[in-house]
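Subject: Structure handover

Hello,

Here is the structure for you to look through. My notes on its pockets and helix pairs follow.

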Amino acid sequence: TGYYGAAQDNFLPPHAFTESADELAARWIREAREGIEDTGILPGFIKTAVDPGPLSKVDRKLLQAAARTHHETGLVIASHTTDATSILETLEVLAEEDLPGDAFIWVHAHTVNDTEVQDRVADAGIWIELDGLSTDSLPLHRELLLHHRDQGRLEQVMVSHDAGWYSIGEPGGGDFRAFDTLFTDMKSALEDAGFSDAEWQQLVQANPAHAFRIR
């Protein structure tokens with residue numbers, strides 16, 4: 001459940017601009033308890049997204065609504081956030097809403113490869129999710145993962161390919177990015193850097209299970 005406020009708000013329904021944070025939260029809480037529309041299918045987490053730069057009025061409201069939905073449902077929030085300004089302002093909103101750090105996943109944290117910013121966010125207990133994984137990104141992902149391990153917070157980090165879409169009309173769907181880089185090249189790169197099997201299992205098994213649990 002939740003609304004995607006990035007991409008200049010192009011995917012928000014009209015009522016997202018007129019309803020209050022409490023009214024939006026009421027919609028998402030109802031979905032969490034009764035199911036999405038008439039399917040009876042319950043959501044497993046809250047997804048939202050904000051644009052880069054200072055938070056807009058509607059993006060701030062989406063974060064407030066997500067936090068209030070968490071307080072009522074126990075669902076974790078996964079938020080598309082792609083620059084330092086927006087994630088640091090997000091921290092302020094979460095503090096105002098008294099949201100526990102581990103109830104929030106910073107999606108696309110790899111786009112801010114400033115370890116001081118990542119450390120500040122991680123110090124608040126927030127999940128650091130590094131995605132966009134590809135062969136070309138291996139050095140960056142390896143560096144960030146080793147940094148967080150050395151800081152003693154590997155238990156707060158998750159990884160993802162963020163891949164799988166295709167371009168309609170192009171042969172083979174265009175330039176498809178495979179799903180196996182994490183388990184081949186990335187795993188080998190981490191092992192070469194001294195990653196233990198226990199640390200690997202922490203990263204790919206224990207952390208996702210812990211992050212997406214119902215609080």
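The largest pocket holds about 270 Å³ of space. A pocket is found on a 1 Å grid over the protein atoms alone: it is an open set of points where a 1.4 Å probe fits, with protein on both sides within 12 Å along at least five of seven lines. Its volume is the space filled by probe spheres set on the points, which are joined across faces, edges and corners. Lining residues have an atom within 4 Å of a point. The largest pocket has 13 of them, and the closest to its centre are Ala78, Val107, Glu129, Ser160 and Phe212.

A word on sources. This is a predicted model: local features need pLDDT of at least 70, side-chain atom pairs count only at pLDDT 80 or more, and totals for chains, interfaces and linings use all residues. Residues are numbered from 1 along each chain as its sequence is written, and side-chain values use heavy atoms, with hydrogens and water left out.

Back to the largest pocket. Strands β3 (104–107) and β5 (157–159) each give its lining at least two residues. Strands (E, at least two residues) and helices (H or I, at least four) are DSSP runs, numbered from the N terminus. The lining has seven nonpolar, two polar and four charged residues. Here Ala, Val, Leu, Ile, Met, Phe, Trp, Tyr, Cys and Pro count as nonpolar, Asp, Glu, Lys and Arg as charged, and the others, Gly among them, as polar.

The second largest pocket has a volume of about 170 Å³. Among its lining residues are Thr1, Tyr3, Trp28 and Glu37. Its lining divides into two nonpolar, three polar and five charged residues.

Now the helix pairs. Two packed helices are described by the angle between their axes and the distance between the axes. Axes are lines fitted to C-alpha atoms, for helices over the stretch in contact, and angles run from 0 to 180 degrees between N-to-C directions.

Take α4 (residues 84–96) and α5 (residues 115–123). Their axes are 11 Å apart, at an angle of about 20 degrees. The two are therefore roughly parallel. That word covers angles under 35 degrees; over 145 is roughly antiparallel, 65 to 115 roughly perpendicular, and the rest oblique. The crossing of α4 and α5 is left-handed. Left-handed means that the near helix is turned anticlockwise from the far one by less than a right angle; right-handed means clockwise. Ala84, Ile87, Leu88 and Leu91 of α4 meet Val117, Arg120 and Val121 of α5. Contact here means heavy atoms within 4.5 Å. This contact has six nonpolar residues, no polar ones and one charged.

Next, α2 (residues 21–34) and α3 (residues 57–73). Their axes come within 8 Å and cross at roughly 40 degrees. So α2 is oblique to α3. The crossing is right-handed. Nine nonpolar, three polar and five charged residues make up the contact of α2 with α3.

Last, α6 (residues 138–150) and α7 (residues 182–192). Here the axes come within 10 Å and cross at roughly 45 degrees. So α6 is oblique to α7. The crossing of α6 and α7 is right-handed. Leu138, His141, Arg142 and Leu145 of α6 touch Asp185, Met186, Ala189 and Leu190 of α7.

Best wishes
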